[in-house]
Amino acid sequence: MKLRSQYLSSWLKFPVIFALLAAISPLFGQDEAPPYESYEAFAESGGFALFTVNNLWLLISAALVFIMHLGFSCVETGLTQSKNTVNILFKNLFIISIGVVSYAFYGFNAMYPGDFNGFFATGSWFGVSNDDMTLMTDAYASYTWWTDFIFQAMFAATAATIVSGAVAERIKLGSFMVYAALLVTFFYPITGSWQWGGGWLSEKGFYDFAGSSLVHAFGGFAALAAVMVLGPRSGKYLAGGKVKPILGHSMPLAAIGVFLLWLGWYGFNGGSVLSADPLLVSYVFTTTSLAAAAGALAAMIVSWTLLKKPDLSMGLNGVLAGLVGITAGADSISMMGSIFTGLIAGALVVFSIIFFDKIKIDDPVGAISVHGVCGIWGTLAVAIFSDAAGFGIQLIGTLSISAFAFIASFILAMLIKVTIGIRVSADEEAEGLDIGEHGAEAYPDFTPAHKG
Amino acid sequence: MKLRSQYLSSWLKFPVIFALLAAISPLFGQDEAPPYESYEAFAESGGFALFTVNNLWLLISAALVFIMHLGFSCVETGLTQSKNTVNILFKNLFIISIGVVSYAFYGFNAMYPGDFNGFFATGSWFGVSNDDMTLMTDAYASYTWWTDFIFQAMFAATAATIVSGAVAERIKLGSFMVYAALLVTFFYPITGSWQWGGGWLSEKGFYDFAGSSLVHAFGGFAALAAVMVLGPRSGKYLAGGKVKPILGHSMPLAAIGVFLLWLGWYGFNGGSVLSADPLLVSYVFTTTSLAAAAGALAAMIVSWTLLKKPDLSMGLNGVLAGLVGITAGADSISMMGSIFTGLIAGALVVFSIIFFDKIKIDDPVGAISVHGVCGIWGTLAVAIFSDAAGFGIQLIGTLSISAFAFIASFILAMLIKVTIGIRVSADEEAEGLDIGEHGAEAYPDFTPAHKG
Amino acid sequence: MKLRSQYLSSWLKFPVIFALLAAISPLFGQDEAPPYESYEAFAESGGFALFTVNNLWLLISAALVFIMHLGFSCVETGLTQSKNTVNILFKNLFIISIGVVSYAFYGFNAMYPGDFNGFFATGSWFGVSNDDMTLMTDAYASYTWWTDFIFQAMFAATAATIVSGAVAERIKLGSFMVYAALLVTFFYPITGSWQWGGGWLSEKGFYDFAGSSLVHAFGGFAALAAVMVLGPRSGKYLAGGKVKPILGHSMPLAAIGVFLLWLGWYGFNGGSVLSADPLLVSYVFTTTSLAAAAGALAAMIVSWTLLKKPDLSMGLNGVLAGLVGITAGADSISMMGSIFTGLIAGALVVFSIIFFDKIKIDDPVGAISVHGVCGIWGTLAVAIFSDAAGFGIQLIGTLSISAFAFIASFILAMLIKVTIGIRVSADEEAEGLDIGEHGAEAYPDFTPAHKG
């Protein structure tokens, strides 16, 4: 892409991954610009104001990515039946909570190891000594150690949340909790380290700016495997190939969720600049907005044409498709390219949702299509609409990550199935998981129209 | 107002509009401070940290204005019947999507043209060459080209959203989509360019800080014209002058919407400072908060007195009235003036809503009163509670904008009415637009109290 | 705590309270760094960029604390019956509105007086002359006067909001409005001034970073007194010691509320750094996140063990418990300490909710346990997991504040009870306060499943 190569050549010399490693590795870049003697010395230096604004933007981005967890909760509960609402909310609250804590104990260090063999690494975040805080004053870093942790922790938890929607309305609560905790703690950091940890994919020139593959395709294909192990909801696929739609219970909830996800994506993509660089962050805001809008428009048009009616849930999934699509190249795809990326993602998600329903993969919220299929599309779009990476490595990278996620998730889900069981009983599914698992309801004292 | 003249005289020498033009015109200010040679040179300069924080605030403001679209969606769905909920959500998702894309292709350049005859201009945003990126390093600009675009695009889309609420529950979906797309693409930038584009109103000394007239009165009076063409909902105005209230379906949704709008307004007004200037942005946050709070209190008291009951929807509209009211003078009206502006707006909105109901202008959410009437009030309040502009030009300006919006919207709505039709059938209106237009419902699998 | 003493010694020399007083008192620190001659001179100085980002973060934090008011509204309406929803939303809208306005007229100056006897002070904010704006350029301040006001005003209003949930479903609207207005206007600033205004607690070395005691325990124990005056909801405590649970009407609303509160807490705690200092703000974000997550996990586990079912509302209250718990020491408690603080808070809130139900203190949302009990716990946790303060003064401080809040609230509630009455009639309680007080309903035109 011309823009970046013309104006951002200095940025290109220090790709994201270096900046990141610089922030966490005391071995990096020291010969070029020694760290300040102390935090006080840094605070009085001329570079402190810029460091402060860069760091602040990453913290605000972390808060924006956090709110995506509310977005996911709303989309999932909105698009499913009210008898499973408590269960879905409980799962989502659990995921963000276990995600943050487990990432602190294990994931953060496993994903961004100090020394690293390119495939796998372990470490203990809490073992870090306070001396390591000095590296924050490294000339290349634009945020503190804690900022890095909390921003990445919010990302990590999204991977498991994606699965949650696809397996909704029939997975056992305890089994899902085990599955999600293991996925976010142990498996997400592995593929993450391949690229963002400086592993083999980053060495081969793979490009995934904010995680079309590393977060979304990972989550989407983990979801596909889990759904295959779990099977469809009872009554969804009838004899003779008939499909009975199982509708959601609140479109306002689903819409609130999608708008919140769109909002949060400004932090997901915008924060992945890893600084508040004015040109790059504003560029990313614009591509992200255009792709989301184009995704909605395409999904509206395509579904209207195919289904003969303007379909709100398709429009909503079109937004998410556009956002997932632009995530890999939000900093490098051209403006017209971002519109095309969104348009194609929006069209793709409609066909994909219809396709998976046809092959009896029951995904109540369309997570496999939105995150899996459009995650792959977005990764490839980088090669088509920018010159950040070639098509070959993008294809290899996204398929490797998707395949790893699928296989790891499949094995995990199978192990859970044969040990503690993965699916609630048919009776419980019919009655709803809220009563079955929680002995509670989502709307117990809700009586609309008291007067009448 | 003393404060500004005392401390901000340097700011007054470079009014907002100049700063804005400076940001997009390479012809500006060059003799005073030449642009940097390159982005790299700029990034290493002493001014880069301040530029970065200024730019960041505008991007965060764009995200806050974005969330106002969720606010509008929630207010509109909450205050209308559940049988039209899918339709309203679909419309709102469409508006933000088409708004961003069309503003990229046309509106942005039409509203902020490089060369300009003062009344109308066209241009092509995507035609801009990458060389124009250098202007971002202009000494007066405090944000990048992309930041300018995305912030203004979020504003543009609000104008059509305002209409959406007023025409709800009986307008044909396709007709509204055509109407909204044309309004936001072609008509909003015209009045916008009169003031923010450096046109005739700005030359005459009109003052509209963040758009009481240019956004809200524009939207409100466009809504009035559309409602007059469309007519009231069936069954609302009965024989003998009786008015049958058609109530909303979810006050929590309406309240969520109003709180989100209040939140978003910190970006709408705060971002309109066009920098993160500490004194001005904090001043704007404070006037905005006081006006919103005063608007709520006044609407609560006035409606309680008139209707004998404390009315929540009036209180909620009072918040919005206060916010619309302070928008024109949020940076210049004194603190006590901001409270009075809010109090009067909050009282005004109650009388206005009752008045429009009396003359059979059926506005389900009170958008004409909130945005139209209080938009005019806020524009006039600038002349009363600050010395930013005289009463005469404020009156001329706000009436010109309102009249243009009314006439343009009236012609547009009439053209749509006589060609493709504008109103759904009586049967469809009775059954609800969700089934009629979308073949779907908002709460299909919602069954509260499963146990009972 | 080692980290702070090692790296932040310069910060420790100027504790928060000094920075705050410096921001509002022209008598402070002048011998060390004289204020700039004018705002223009300051704006051209090297320190302006850092001042701008510090100030911006406080404004964004104010917006985040504002959104907590929507969070409280959603939690309270979600956890109560739908027949009282309009009433609760009206109360919450009133509190934020009267809170901001009354804090402008009285509370701000009473809490942060220029000259001060250590126990009580009055003043008039609007009496401040424009000359006082110069103090904003004081070398120690990192935000403007208006920023200080709006950030503190958003805090003040939370205290009354906490009470709102505990007294829901049976308090008279007008009585609550009088109670809340007096509490937030006159009583909250008194205990506030003891610590944040430089009063006797701050002199004795009490430490309450962002208000576990000054905001939350204050609100929680004010709530306890109000509930004791008011009595339990009819039908809740039956003869023979039986407790009939009165369930809420929308768990999605409650979950939305808790997620929004978690989001807002990044401003509540993060903004209490009173600058955008990278190390401190990122530290606070991390402790806040870990405590919230640990609180959720502990409440889930403990309630699952005690009640034999995974309880969503306990998990949600666990988040809030963890957040309240970490609030006093978010900048000083170690990372492992923040997890323990959250875990203990999450366990405590479950036992506390069960305990208060056993002694027939009827608190529909668990506000007394979340804010009162965990507010005390968080204040004590500072002494356990950091070296910011000793156990003795923490115990004295938190009990003094809680006792003052309890006694002041008890007297206020009793005065209201014997004069205008405090409780709605039994008939009105049964019918619901929406009809009784407002003549309106929350879901009048809500008809799920139109088709069926």
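Biologist: Let's say two residues are in contact if their C-beta atoms, placed from the backbone, lie within 7 Å. Which residues does A223(A) touch, not counting residues up to four places away in sequence?

Modeller: I162(A), V163(A), A166(A), V167(A), A367(A), I368(A) and G372(A). One caution first. This is a predicted model, where local features need pLDDT of at least 70 and side-chain atom pairs count only at pLDDT 80 or more, while totals for chains, interfaces and linings use all residues. Residues are numbered from 1 along each chain as its sequence is written, and chains are lettered from A and ligands numbered from 1 in the order in which they are written.

Biologist: Where does A223(A) stand in the largest nonpolar core?

Modeller: That core has 503 residues, and A223(A) and A223(C) touch the most other members. A nonpolar core is a set of buried Ala, Val, Leu, Ile, Met, Phe, Trp, Tyr and Cys residues joined through C-beta atoms within 7 Å. A residue is buried if 20 or more other C-beta atoms lie within 10 Å of its own, exposed if 12 or fewer, and partly exposed in between, with C-beta atoms placed from the backbone.

Biologist: What does chain A average in pLDDT?

Modeller: It averages 85, and 84% of the residues score at least 70. The pLDDT is the predictor's confidence in each residue, from 0 to 100. Residues 114-140 of chain A fall below 50, and that stretch has 56 contacts in the model beyond near neighbours in sequence.

Biologist: Where else in chain A does pLDDT stay under 50?

Modeller: Over residues 1-34, for which the model has 54 contacts beyond four places in sequence. Where pLDDT is low, the predicted coordinates should not be read in detail.

Biologist: And the scores, ipTM and pTM?

Modeller: The model has ipTM 0.90 and pTM 0.91.

Biologist: How many helices and strands are in chain A?

Modeller: 18 helices and zero strands. Helices (H or I, at least four residues) and strands (E, at least two) are DSSP runs, numbered from the N terminus. Of the 452 residues in chain A, 68% are buried. Take contacts in chain A between residues at least 6 apart in sequence: 80% join residues at least 24 apart.

Biologist: Pick a helix. How many residues has α16 of chain B?

Modeller: Helix α16 of chain B, residues 391-419, has 29 residues. From first C-alpha to last it reaches 42 Å, close to the 42 Å expected at 1.5 Å a residue. The expected span is 1.5 Å times one less than the number of residues. The buried residues of α16(B) include Q394(B), G397(B), I401(B) and F406(B).

Biologist: What do the buried residues of α16(B) pack against?

Modeller: Against α8 (173-195), α9 (200-203), α10 (212-230) and α15 (367-385) of chain B. After α16(B) comes G421(B), with a positive phi near 85°.

Biologist: What about α13(B)? How many of its residues are buried?

Modeller: 16 of the 16, so α13(B) is largely enclosed by the rest of the structure. It reaches 23 Å from its first C-alpha to its last, close to the 22 Å expected at 1.5 Å a residue.

Biologist: Switching to chain C. Is Y188(C) buried or exposed?

Modeller: Buried, because 29 other C-beta atoms lie within 10 Å. Y188(C) sits in helix α8 of chain C. Leaving out residues up to four places away in sequence, Y188(C) touches G107(C), A156(C), A159(C), L183(C) and F218(C).

Biologist: How many residues does the contact take from chain C and chain A?

Modeller: 55 residues from chain C and 55 residues from chain A. On the side of chain C that touches chain A, α12(C) gives the most, with 14 residues. That side divides into 38 nonpolar, 12 polar and five charged residues. Ala, Val, Leu, Ile, Met, Phe, Trp, Tyr, Cys and Pro count as nonpolar, Asp, Glu, Lys and Arg as charged, and the others, Gly among them, as polar.

Biologist: And the contact from chain B and chain C, how many residues?

Modeller: 54 residues from chain B and 55 residues from chain C. On the side of chain B that touches chain C, α12(B) gives the most, with 14 residues.
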